[in-house]
Each structure stands twice: as C-alpha cells, then as structure tokens.
2 protein chains.
Amino acid sequence: MSGNRPTLEAVAARAGVSRATVSRVVNGGAGVRETLRERVHRAVAELGYVPNQAARTLVTRRTGAVAVVIAEPESRVFSDPFFARQLRGISGALAAADTQLVLLYVADREDYPRIGRFLAGGHVDGALMFSLHRDDPLPGMAAEAGLPVVYGGRPGWPGAAAEPGLLYVDTDNRAGAELAVRHLLGRGRRRIGHIAGPLDQTSAVDRLAGYRAALAAGGAAGEAGEAGGGGASYGGPGDPAPGHPGPGHPGLVAEGDFTPAGGERAMAELLARAPALDAVFAASDLMATGALRTLRAHGRRVPDDVAVVGYDDLEPATWTEPPLTTVHQDVEGMGTSMARMLLRRLGGGPERQDPVVTTPRLVVRESG
Amino acid sequence: MSGNRPTLEAVAARAGVSRATVSRVVNGGAGVRETLRERVHRAVAELGYVPNQAARTLVTRRTGAVAVVIAEPESRVFSDPFFARQLRGISGALAAADTQLVLLYVADREDYPRIGRFLAGGHVDGALMFSLHRDDPLPGMAAEAGLPVVYGGRPGWPGAAAEPGLLYVDTDNRAGAELAVRHLLGRGRRRIGHIAGPLDQTSAVDRLAGYRAALAAGGAAGEAGEAGGGGASYGGPGDPAPGHPGPGHPGLVAEGDFTPAGGERAMAELLARAPALDAVFAASDLMATGALRTLRAHGRRVPDDVAVVGYDDLEPATWTEPPLTTVHQDVEGMGTSMARMLLRRLGGGPERQDPVVTTPRLVVRESG
DNA sequence: CGCCCCTTTGAGAGCGCTCTCAGGTTGTGT
DNA sequence: ACACAACCTGAGAGCGCTCTCAAAGGGGCG
C-alpha cells in the first residue's frame, strides 16, 4: 500500500467543492455542471486519486469481485488446459467490467469449510463454479449464503434441472458425441468403443448418451450382444434430464477420469474386452492421448487399425502423433459467457436469463 | 451477499459486553477474561457472525489479499501447465494463511494501465509475478505503488541484480542445463544442439549459459567452428548477473518461445544448419515435444538418431513418445515458497530475507 | 490502612466513502 | 413580476470495525 493516498476530501479541497460532488464525478458525473466536473477531474489527476475500495464496499455492500471456484480435489486441473482456457475467457469478461477475479482452489476435501466461510463472508458478489461432481457441497453452501452463482456445465445434483433460475453455460455434449460417432460410422468403422469421463459429471454422462444414440441410429455394433460395458455405470437414478444415457445401443464403454493415465487404462480395458475394435471415441482429448499410447503399446496403428476421436480440441490435440480428430467446443467463449451471465445477474436487471448451450463441431485431423 | 448479516454490535448486545471486547475476542482474545471470552464465542456462534472484511480493511489498511499477476500477452499460459502448477502451490500457501488470491491476467498490452491502477489502488497487500520479460512495466508500477512483490524467476531488468531487498524464487537454471548436457555428453553424444527459450527471460538465458558451459567443459562440438548460432542473441548487454551466457562454447542454438510450435520451428532450423546433430537440449518440455514432432517428420528416430532432453518435468513430458528425459524442478514447491516469502514480508517481521534458488535434478526417461 | 500498579473493560473517535435531504440557483409559464 | 419546477450542490449521517485512552476493579506492599 502506498504512503498516504489522497482521499475524496483532499480532492474536494483542491477542486474547491464538496466531497459529495467529487463522489458524483468519480462515479460517472451525472448531474454535475460541466465546469465543476472538469475541475474535479483535474484535481483527481493532479493528486493521483484512486478511490478506496474498502470504504466503498462498506457502504455500497458491493465488493466488485467475483469468486471462481475450481473444485478438483484430484489434481486433474493442473495438467488440463481446459480450466486455464476457461479462466482466460472469464478473466477477460470480468476485466472489461472492472470486476476482480478471486481464485479459490479446492485442493482437498478439508478445504470446503474454508471456502464456505469465504463465500458466506461477503467477500465477493457472486461465484463461478465448474465441472462440479454430483455430490459437491459447494452449490449448497452458496445457496445458503444467498450468493448468485453461474455454473460451467449443467449441474447434475438431484433436482437441479427443476430448479428455477438456475444459471449455467454448457455445450451440447450429447450432440458433440453424436457428431464424433457418426463420423466414425461414416468412415466405415463398426466396432466403436467409448472412453467415458467420470460419470458423476453431466458432461461425461451426456457424451456417453450421445455415443449410444449415434450407435443405435447407425445400426453399428459396439459390443453387440454383450449387455452393457463392464466398467460403465449408467449415470445413476437421480438424473432424468436431457443428458440421461437412456436408451440407445449399450455400446462398448470404459470409464476414465479425464486424465491421460485414465485414458490409458480405459483403452487397455476396451482392448481386452474387444480386441477387434476398430475405433474409439474418448470423452476428452487428454484421455485420447492416453488411448493413443496404449494402442501403440499394443501394436495397433492409428488410424489404420483403430481410429481415435477426442473431445475438447485443446492444444494437446494437435501435439499428438497423429494429431487428433476431435470435437471442438469454444472453451474460452464459454468462460466469457459465464462471466457475462453472472455480471448481468449481479447488475440486478429485471430480464430473466436462461442457460446457454453452445453447439460443438467436429474437427477432422489424422487420428480418425 | 446474504440478507442481514449480524454485526459486532449485535454480538456485543447478545453477549452483554461492549463492541471493543467482542472485537478483541474475535481477533485472538488476548487480555479478555476467560468467562467473557466464552460468552462472546457463544454469541458469535449463535448469530453466525462473520466479520465484515471491508470494514476491517478500512481501518487496518490490510486487505488480506494478494495479487498473482500472470503476464503472458502471448497465449502461452494456456497450454503450459507450468503456471497452473505454480498457482496450485501459491494457492495452498495463501489459503493456509487465510489470504485471498486475486488473479490478474494480462491478456494484451492494453491491460497494463488497468493492472497498474489495480495495484496502486490498495486492493491487495502484495503481489506475486512470474516469468516477466525484460522490459515488462509491471515491476515499475508495483514499485511506484509501494507494493511488496515477490518474483518467480530471477528478474532480468537492467540493474535488477543490484537492487537491495529484491525477493524472488528461482531454480538454478544454469546448473539444470549443465546436468542435461553433461548427461548427453556422457552418453556419447557429440553434436548437441540447443533450443533456447525467449532470451529476454532470465530462465532462458541461464539455461543457454549452462548449455554452453557444459559444452565447453566437455570438449564436445555443438557447431564447432561456426560463430554462434544464427537465431540466438546473447542475452543483451544489461545483464552481468549470474546467468550471463558469457563464455563457453558458442554451441548450436535456435531460439524458441517455450511453446510446442516454437520448438518445432527451432528444431527445423537446427536440422537445417546441422543435419548431423545427434542430440538436442530444449529449454522446456513443451518445446521438446515440438522438436520430437519435427524430428519424426524428418525421419529421425529418437533417441537412436537424435537424443532429446527437455526441461521442467511437467505432465506433457510423460505423454510423449518416447517419454522425455528432462530436468525436474519443483514448480509447485516454488509457488509455495513465493507465497510464503511474500507472507513473511507482509508480516513485517524484521528478519531479512534472501532470494531462494532451488536445485534441479535430471530425470532420465527414454528420449535421451 | 492507604497507595500504586496491573489487568480488564468500555466509550468514542475515526477509517474513506455513498447517499439522502435540504437549501440555493436558474429557468419557465402566466 | 411572481410562483413553481428543475437542476445543482453541500451538509451530515452512517456503513462495521479497530484502537486509543481512560476508568474501574483487585491485589500486593509499605
């Protein structure tokens, strides 16, 4: 903190007006005569006046800050560019509105109380949360504190879908998955496996649903005849929402955790169960890179023997050998949307807002 | 912000004491009789009292928050797990001290004024900055605002080394580079190229220096006879510090930018200049992955024809084919150190602090 | 027994800002 | 010329908390 920062009072004295007038000018200057406004601006510039945020917050009850909560107790966050990208979008939108970004990492479960206290403590005006798992306590904490929240990805806790005014930004995961699988079918692949994400997240559930729907529609066989994939759970009961894995072809599914290592393991599992498979759709690029490694280790050529399609289209998709065919989603743009949505909500405008769901598109590279 | 949060006054009334006493209890309770202390604690619990941070800040002049400034106008940040990892370390240390982390991205040069205003505005008690380029205006802004700063990586602006009380956490980049190159020499490689990072960052300069020193000591040839590497600048005049590329073997050097694409280009350049090279030391894992791709494209086998060593030992190093031999640095730990150092500085303790330089170590995998 | 000192508590003055409200000035309509 | 409205401006009351300072209470000691 610099030495003695000038106060409103000082500026007022210098400009020869009252504190109130300076305050008005500093906050937009509505209803102040031109000449005075200029005089005040000059005084502000000369003194290098910067408003004291604490004093302001004390009376307005607005902090001008928003929390971004990253809840990934598993250290996935740190190898996944997904969060970094989304953060960039969020940061840009917030900066444009002169709103600060307070970053909250939930490193392990012991952090929850601290985070809860923080959210309840009036340090921020609202919060952005993403990639929540089904039973995450964060939404409850925020609700209790009366904190406006915008979610990244459709929330999946029981009853979430029915909640009025629930705000989130998501991509149409189901459609994206269908895109991927139809592409594979179109290239003549018939035994298509799926490496799912953690099935307590809606994005993973929806992608699985898309995979099954496309398979059913395309009439191709995943693991035709076998009754569902061993490693796959079916999304659980509490979720009758759009993304329910629901009907469709059972397929050939192994559950990963969105990490490369998880992709590696899941791929090995699929290979063990269906040595003749000729394609895999992984629910994330990172898992696809793992799959690539396992395939290579097992002597399968990509895409000659097995085609691979990922999801996300982040940098790592272009680093692999061969580069990944993948489903593109505008991650940064989703971050921007989330921030704008929250800002609008905080602005207190009367307009109702609805969740935003963006449309993914397929990017064809060399892996499938 | 939740409905009507109880104030100190309310707690005081409930406990039948004065505001001052409640304040004392809330802030540690020194000098308050046991019975009263308990009574106050009970009242706090019953009312669910949480101190108003703004009011506190207004009088104490302490915000309890620290800024983390990420200044990478080029979008490198978003594919580089380096920052995410460091952030995790920082976040953990700050959380332990109940200090908030305000994240400031500098997305492009136009953001600087906003950031400057923020730093000068008393929103935070101190700042953490990393990977600054030589001419970054941030340190100047912070200094002007009288804001305590801890740097990640030895600052490189002219005269920085001479600045008293300059606080930073770095790894011994030079030693790390020597480790890498000596390893290659030890395996019989003789024509060793180097893909440098942007030479306006000390880490890149120091690694280049280590490469040259090891080469000179080892008596091996980089580009023996040729006068320095075409793409390499020598770190510029203003930097007589430990990391000066200084003497040593000129080597065979191409400058990258710490990104995979940069690594790709630099590798192509090296290959063009020295088709017979048998090893490359890249100043980051990400550049090494790019180099791997270029080598593959040129039909070179790794490590049979060309050995590759990276730097950082972050996740991507294990994702490549073959997995990268690389120089490990404890990135998360460095983040933790930075945060602790700043916290100590803010604590106002009298103990002088010195910069911290950690020791890297070599991790041998399959690429070289 | 009286004095002094130490511990514990409360009163009250701000921290810097916003915002309401009243007072002053200027302009318009009749 | 007067009433009235519209527009500007300033005074002042807090926002919730910390911290100084003085008062009150309790012992120990001469």
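This is a predicted model: local features need pLDDT of at least 70, side-chain atom pairs count only at pLDDT 80 or more; totals for chains, interfaces and linings use all residues.
Residues are numbered from 1 along each chain as its sequence is written, and chains are lettered from A and ligands numbered from 1 in the order in which they are written.

Helix H3 of chain B covers residues 34-47. Helices (H or I, at least four residues) and strands (E, at least two) are DSSP runs, numbered from the N terminus. The 14 residues of H3(B) reach 20 Å from first C-alpha to last, close to the 20 Å expected at 1.5 Å a residue, the expected span being 1.5 Å times one less than the number of residues. Which residues of H3(B) are buried? They are Val40(B), Ala43(B) and Val44(B). These residues cover an arc of only 100° around the axis, which puts them on the same side of H3(B); the arc is that of the directions from the helix axis to the C-beta atoms. An α-helix has 3.6 residues a turn, so residues three or four places apart point the same way. The cover over the buried residues of H3(B) includes helix H1 (8-15) and H2 of chain B. Just after H3(B), Gly48(B) takes a positive phi of about 65°.

Chain A holds 13 helices and 12 strands, and 53% of its 368 residues are buried.

Between the two chains, the contact takes 45 residues from chain B and 45 residues from chain A, two residues being in contact if their C-beta atoms lie within 7 Å. On the side of chain B that touches chain A, H5(B) gives the most, with 7 residues.

DNA strand C is surrounded by 25 residues, and the closest are Thr7(A), Leu8(A), Ser23(A), Asn52(A) and Ala55(A); a residue is near a strand if its C-beta atom lies within 6 Å of it. Helices H2 (19-26) and H4 (53-60) of chain A, together with H2 (19-26) and H4 (53-60) of chain B, each supply at least two residues of this surface. The largest share, 5 residues, comes from H4(A).

Notes:
A residue is buried if 20 or more other C-beta atoms lie within 10 Å of its own, exposed if 12 or fewer, and partly exposed in between; C-beta atoms are placed from the backbone.
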